[in-house]
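Subject: Structure for you to look at

Hello,

Here is the structure I promised to pass on. My notes follow it; please read them with the structure open.

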Amino acid sequence: MCVKVACVGGGPAGLYLSILLKRQDPTHDVTVYERDPEGSTYGWGVTYWRGLLDRLQEHDPDSARAVEEHSVRWRDGVAHVGDLATRHHGDEGFGIGRHRLLALLAARARELGVHLEYEQPVAAAADPPAADLVVAADGAGSALRGRHAGHFGTEITGGRNHYVWLGTPKVFDAFTFAFAETDHGWIWAYGYGYGPEGSTCVVECAPGTWTGLGLDRADEAEGLVLLEKLFADVLDGHPLTARSSGRAGASWPVFRTVTNRTWSRGNLVLLGDAAHTTHYSVGAGTTLALEDAMALATALREPDLPLPDALAHYERERRTALLPAQSAARLSAQWYENLPRYIRLPPEQMFALLGQRHSPLLPYLPPRLYYRIDRAAGRLETLRRVKRRLGPVVARTVQARRLATGEGRARSGRPDAMPARRG
C-alpha cells in the first residue's frame, strides 16, 4: 500500500515497524529518522514478559531470537521494607539493555534494506519528511504531534509522585522492590537486571519526601550519595549512576500520562509513546510500543484498503487492546501514591497487595480485609467469580465519576513539557 514510508523516531516502535514493513514487502522504501547519534540512548534496561516474545516470534523470528538471546530472566520478586524482606516466586520476566535492544533492531532493519538516518531531528516547526506515510514515533513529547495538537486532541495528565531513572552495576537476581523510611516519609526503588553489566533502578517518592530530603535542591552527585545511603543494603555497596541533567532537581519529573482523541491526520499516524503513555510501574512501555508496530504493520498489509481506513483500523484495535494496560497503570500509580495505606502491613501481606495493585477493588476495601478475601478467593471458585465480576463494575463506576467531574484531567498543547522518551 505505502510505497514510501518515513518513520520519525528510532526507538523500539519505529525500528520494529520498519522491520515489519520491509518483511511484508521488500519494495517499500522505508527510512527511519533519529535525532540522536547512533549508539547513544538514555536509560539502562527495559522489561518484558513471555507473551511479547511469543508475538515477536510470530512476526519476525530472527529479531525475536536475537532479543531473547541477549536478555536476562527472573522468576522471583523480592520486597525489602526497612530491615524486613520477603521473596515470592512468580511468572518469568525478562530484561534487556535498551542500547542492546536498539542495536539489535537497527541491525535487523539494515539487513532488510531500511535506511537509517541518525542525527536527523525533526522539530515542531519543520515540515515532516515527504512520504506516502509519515509515522510519528518520536516519543511522549512528539514534535510531529505537537504541530497539530489541536487536531489530535492531546491531553497530558500529571501524576503526583516524583521519580528518577538510574542505573547501577549491581546485578539483581530478582525483580526487587526496596522501601526505605525517612524522617520525611517513605522513598522506594524498583530494581531489575538487564545483563551482566548491571541493573535499572527507578526511585520514587511523594512530593513532601522529595522536598524534605532536599532532592529538589541537591545537585546530581549529592542526590546520588543520599540515595546510595538510603538503599545501601539492597545495593550491596554498589554505586548509582544517572544521566547528567545539569540542574538541581531537573531529573525528578512527575510522570505524565499522554492520551490523544485521534491518532492520525491525513498520512500522519502516531505510534508508541507519541500516541499513549502508561505509568512506568507496570513495566509495559516497550511492550506496548512494539505491539503498536505489529498492529500498524498488519493494518497496512491489505493492498486494497485505503490508507485512512487502515489507520482507523489500527487505532481501533490498539485502543481496545490498551484498555487493560491503561487501567492497570492508573491503579498501580495510585497504589504508590497511597503507600502509607499499605506499608505498615506485615511484609508478606504488603507484598501480596503490591502484586494486587491493579485491582479496582483494592482502593475501596480495608487492606487487611482485601488480603483475607484474596487468600480465600484463591481457594474458592465462587469467591473468585465474585471478585472477577465486581472489579470491573467498580472500575466503570469510578471512571464514570472521574469523567463526570473532570477529576485528574489536564489539557496541554505543550508536548515540549514532557520528559524524554521512556522505554
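A term first: two strands count as paired if DSSP finds at least two bridges between them. In that sense Trp165 has Val202 as its bridge partner in strand 11. Please keep in mind that this is a predicted model.

**Overall**

The protein has 14 helices and 14 strands. It has 423 residues, and 52% of them count as buried. The accessible surface comes to about 18,800 Å². Carbon and sulfur atoms hold 52% of that surface. Among contacts between residues at least 6 apart in sequence, 73% join residues at least 24 apart.

**Strand 11 and its partners**

How many residues of strand 11 are buried? The count is 8 of the 8, so strand 11 is largely enclosed by the rest of the structure. Strand 8 pairs with strand 11 in the antiparallel sense, over 7 bridges. Strand 10 (residues 185-195) also runs antiparallel to strand 11, joined by 8 bridges. A hairpin links strand 10 to strand 11 through 2 residues.

Strand 8 and strand 12 run antiparallel and are joined by 5 bridges. Within strand 12, Arg256 stands opposite Gly158.

Asn161 sits in strand 8 (residues 155-168). Is Asn161 buried or exposed? Its relative accessibility is 4%. The cut-off for buried is under 20%, so Asn161 counts as buried. The Asn161 side chain makes a polar contact with the side chain of Glu204, at 2.8 Å. Leaving out residues up to four places away in sequence, Asn161 touches Glu204, Cys205, Ala206 and Pro207, among others. Its contacts also include Trp188, Pro253, Val254, Phe255, Tyr336 and Glu337.

Ala206 lies in the loop between strand 11 (198-205) and helix 7 (207-212). Ala206 has a relative accessible area of 18% and is buried. Beyond residues up to four places away in sequence, Ala206 touches Arg160, Asn161 and Trp188. Ala206 and His184 are 22 residues apart in sequence. Their C-alpha atoms are 9.4 Å apart in space.

A second open sheet has 6 strands, in the order 6-2-1-7-14-13. Its pairing is mixed. Strand 6 (115-118) and strand 13 (264-265) are the edge strands, and each pairs on one side only. Strand 2 (residues 29-34) and strand 6 run parallel, with 4 bridges between them. Glu34 stands opposite Tyr118 in strand 6. Helix 11 (residues 307-337) lies across strand 7 (133-136), strand 13 and strand 14 (268-270). Helix 11 runs at about 5° to strand 14.

**Nonpolar cores**

In soluble globular proteins, nonpolar side chains tend to be buried together. Here the largest nonpolar core has 66 residues. Tyr16, Val135 and Leu296 have the most contacts inside it. Helix 10 (residues 285-299) gives the largest share of this core, 9 residues. Val135 touches Leu296, as well as Val5, Ala6, Cys7, Val8, Leu17, Leu144, Val269 and Leu271, not counting residues up to four places away in sequence. Another core lies apart from the largest one. This other core has 32 residues, among them Trp74, Leu353, Tyr370 and Tyr371.

Best wishes

Methods: Residues numbered from 1 in each chain as written. Predicted model: local features only at pLDDT ≥ 70, side-chain atom pairs only at ≥ 80, totals over all residues. Heavy atoms only, no water. Buried < 20%, exposed > 50% of the residue type's maximum accessible area, 1.4 Å probe, protein only. Polar contact = N/O pair within 3.5 Å; in protein donor to acceptor, adjacent residues only side chain to side chain. Contact = heavy atoms within 4.5 Å. Areas by Shrake-Rupley, 256 points an atom, 1.4 Å probe, with all protein chains shown as cover. Core = buried A, V, L, I, M, F, W, Y, C linked by side-chain atoms within 4.5 Å. Axes fitted to C-alpha atoms, helices over the stretch in contact; angles between N-to-C directions.
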